[in-house]
Amino acid sequence: MLYERYGDELEEEREDDGGAINLTNFQQDSVRRANRFLDKHNGVIIADEVGLGKTYIGGKLLEQYVQENRQRALVVAPAYLRDGMWEQKPAEWGVQFETVSYAELRNDSQLGGDANNLSLPVDEYQLVVIDEAHAFRNPGTQQSHALRTLLRGDPPKDVVMLTATPVNNSLWDLYYLLNYFIRNDAAFANEGIRSLRDQFKEAQAEDPSDLSPDMLFDVLDQTTVRRTRRFIKNHYENATMPDGDGGEVRINFPDPKPQRVDYTFTETFGDEYFHDVAEGLAAGDRDEAELTLARYRPSYYLEGEEDASELSLVGLLRTGLLKRFESSSYAFKNTLDGMISQYRIALQLIEEGYFPETNAIDEWVETDSDEGMEEVFDEASDGNISLAAADADPAELRADLEHDIEMLERWRDGAQAVSRDDDEKLHALRDTLEDIVETAREDAEARQISDEDIESAFRQNRKVLLFSYYEDTVDWIYEYLESIVSEDEDLSCYEGRIAAVSGDGSKYGVTREEAVHGFAPNSGDAPPDATDEFDILIATDVLGQGVNLQEARNVINYDLPWNPMRVVQRNGRIDRVNSPHSEIYPFSFFPEDRLDDLLELEHRVREKLTQAARSIGVSGGVIPDMETLNQNFAEKVEEIDSIQREESDFYEQGGAEAAAYSGEEYRQELREGLEDREDQITSLPWAAGSGFRGEDPGYFFCARVGDEVFMRFVPHEMDGDDELVQDTLTCLKRIECSRDTERALPDGMREQIYGAWETAQEDIYRQWQEQTDPLNVQPDIRRLFREVGQHLRDHWPDDMTQDELQETVEAVEAPWGRKYERELREIYEDESLGPIEKSRELVDKVEELGLQPFEAPDPLPPIEEDEVKLVCWMIVAPEEDQDDQEDRPGLVSQVTFDTS
């Protein structure tokens, strides 16, 4: 089945033809795949984990375009990388290209700014390489507008996006990155994905915390190159990489030695305060203890029923408050202050006959970041509702607002009363740093080196990268550490050597670039004149991806790992290829006395939200993980438990599955199989198959209709919980096995496979036939986009030709995402604009957003059911079924069955 999916691609691979940039074998494989995606889609996301050479892959593509194709290329990078690593690469590689920072891009006069930063007219650049491309995941920013303007044109430019973390706060981050080169929502219709936007919405609904869901595999497999440390260890054991001095160095990785830090949560707040907050956030049955969050639910009061998007907003606020409560009293207090202010404004508006209107939430974001919380609060303010027009009695609303203010102020006062000296979590941090310093000194002195080298080793060993979700907590920690290092002799080595980072600007007089380069001056990202200035770097997740900080061997996760994959991402800052440390130490803080309570509280919040949503007939499209809540919770608790138990395998395996999400594991498995069994693989007859025992018993089928490949998995005993599996990755996971797996074909299942094939064949046929109807290949379009299109038809600007108008309307009337809708809504609902003036501004905004006319996919030609041809099959027998156990040939033996 892997040969059916990837055989043609691997046969097209050819030996690298050399060049100035020498790549290791796994990087060469990446370049080949990237070129395929560029040819097909004019874009690719290079999402290898940190430290695996994304820069060199980008460099090889630059070399191809500049040296071989004689085309112009532009690199767009953060300022600190422009002045560091990228400044050195043209001379090192012998490839001439231009590099600009994000700020230079958005300020260029050709892209909407007022400075001449680009050396050439924008149409002369054929390749654009974006480093740390996740910075462009929000389409509403000025720099995103500048990038879309740059990529405009015919023929289209090619874009290479380099990012280790294309997903940060939600799957929509990846969606908007793909939009820079996948401009047709139906681009993957041949893979059964009618609408890219709907596919992301469905994936997000299954589990909002799963940042690599199976159902996006077919999209990522055609757009993304993704390799992990574990993947390289398993498949490229003797791989080497350029050492930066013209030589090669063999790849190795440090060993993670996880450490747990326990602290007593209620020693800071007290049991009574904890229970008060827990009861208020748990969203009970509208009793006096409940925080109603009335400010963010106007529909309940003004229309007499709950609104799905407002329910979603309330759920996000409850979980966000909980996470800030655990993070620090200071973060909790500041958030409460902001909410109290919004509540008081709402009360004042009621006196004036209005109430704040909330925006519809269509794209769920996690609230374990400042950015996520800010987006939620932004949604809470979208104009005002007239109470007279709503014909509603505001008495209940006013009462609930006043009730909430009383509760919020009580919580705020309690959090404000906590000083740094009262904070047990800060005390645990102090003890942890003292242990780090002691171990750093012992390890340095244990080496047989000079006194001067011992001091240098000690300084490197004691470096600490400390993460919190929230800037408020970063400030809380920084100011505490600054005050104690001068008083504590054990921590005096850190005096004057602490920096903090939370965004792109300066913090405590130190810029982000100064902090990063001063903390890791010997990294490849730092400029040549960087010096060692800092030993502790406190940061939000702005440094959780894409930064080389491997000079440190200690990383501290200060907050409870609500999303365990954040811990893996942060660890990746120091767990890098050829780290100077043989061992690294990820520390994770746990509120030992309240861990279960906090996790259960988050679960209860989501559970109550799901129950409320079901009561008004809402599906998972707006409220995520409604159908999989308990399963998702159990899996998350299991992962958090692995971190708490200090299991190094969690860090080793944490990103392992990510390689599968872009097909890397399966391509490599096929490569290795073809090395010694090519004749056997390529000569298999149609309808050949085998079997083995596994956890998920059932029947796997790989089929063809013409050149299109389909996969299905039919569970052995289909009931309400077990449905036929259509998505490619889940099918492949169900049949994962090794060369040593013993073959098993129970007689009962061999007899039932014919019926299972009929089920799979019928399902493939049904999917194909659906795509033959033109109506079924048209995706759903949000109402606002249709209304804007009609407005443009009704109020046609006289300076637009018929063709220009039609192209703009076709670009608008398409299945775009929520953030594009917000950009257009601001203009469409602006009552101060006349009809024609509004049309002109809408046209300008469509052009600014780079929206392209939607092209519906062509319907498929009708077929007969027997044109669905079986290529191969696999039986997965139950592990406990021993009835037919006997000595059998190896798994690679096969049998065929008659499908005629």
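1. Arg-420 and its contacts. In this predicted model, Arg-420 is in contact with Leu-426, His-427, Asp-475, Trp-476, Glu-479 and Tyr-480, leaving aside its neighbours within four places in sequence. Arg-420 itself is found in the loop between H18 and H19.

2. Polar contacts of Arg-420. The side chain of Arg-420 is joined to the side chain of Glu-479 by a polar contact of 2.7 Å. The Arg-420 side chain also reaches the backbone oxygen of Trp-476, at 3.1 Å.

3. Exposure of Arg-420. Is Arg-420 buried or partly exposed? Its relative accessibility is 23%, so Arg-420 counts as partly exposed; the buried class would require a value under 20%.

4. Helices H12 and H18. Helix H18 covers residues 395–416, and helix H12 covers residues 271–281. Their axes come within 11 Å and cross at roughly 145°, and the crossing is left-handed. On the H12 side the contact is made by Tyr-273, Asp-276, Val-277, Gly-280 and Leu-281, which meet Met-407, Arg-410, Trp-411, Gly-414 and Ala-415 of H18. By class, the residues of this contact are 6 nonpolar, 2 polar and 2 charged.

5. Helices H19 and H20. From H19, the residues involved are Ile-436, Val-437, Ala-440, Arg-441, Asp-443, Ala-444 and Glu-445, and from H20 they are Ile-454, Glu-455, Ala-457, Phe-458 and Asn-461. This contact divides into 7 nonpolar, 1 polar and 4 charged residues.

6. Cysteines. How many disulfides does the structure hold? The number is 0. Cys-702 is accordingly in no disulfide, and the nearest cysteine sulfur, that of Cys-872, is 4.5 Å away.

Note on methods
Residues are numbered from 1 along each chain as its sequence is written. This is a predicted model: local features need pLDDT of at least 70, side-chain atom pairs count only at pLDDT 80 or more; totals for chains, interfaces and linings use all residues. Side-chain values use heavy atoms; hydrogens and water are left out. Contact means heavy atoms within 4.5 Å. Helices (H or I, at least four residues) and strands (E, at least two) are DSSP runs, numbered from the N terminus. Ala, Val, Leu, Ile, Met, Phe, Trp, Tyr, Cys and Pro count as nonpolar, Asp, Glu, Lys and Arg as charged, and the others, Gly among them, as polar. Axes are lines fitted to C-alpha atoms, for helices over the stretch in contact, and angles run from 0 to 180 degrees between N-to-C directions. A crossing is left-handed if the near helix is turned anticlockwise from the far one by less than a right angle, and right-handed if clockwise. Buried means under 20% relative accessible area, exposed over 50%, partly exposed in between (1.4 Å probe, protein chains only). A polar contact is a pair of N or O atoms within 3.5 Å; within protein, one must be able to donate a hydrogen and the other to accept it, and residues adjacent in sequence count only if both atoms are side-chain atoms. A disulfide is a pair of cysteine sulfur atoms within 2.5 Å.
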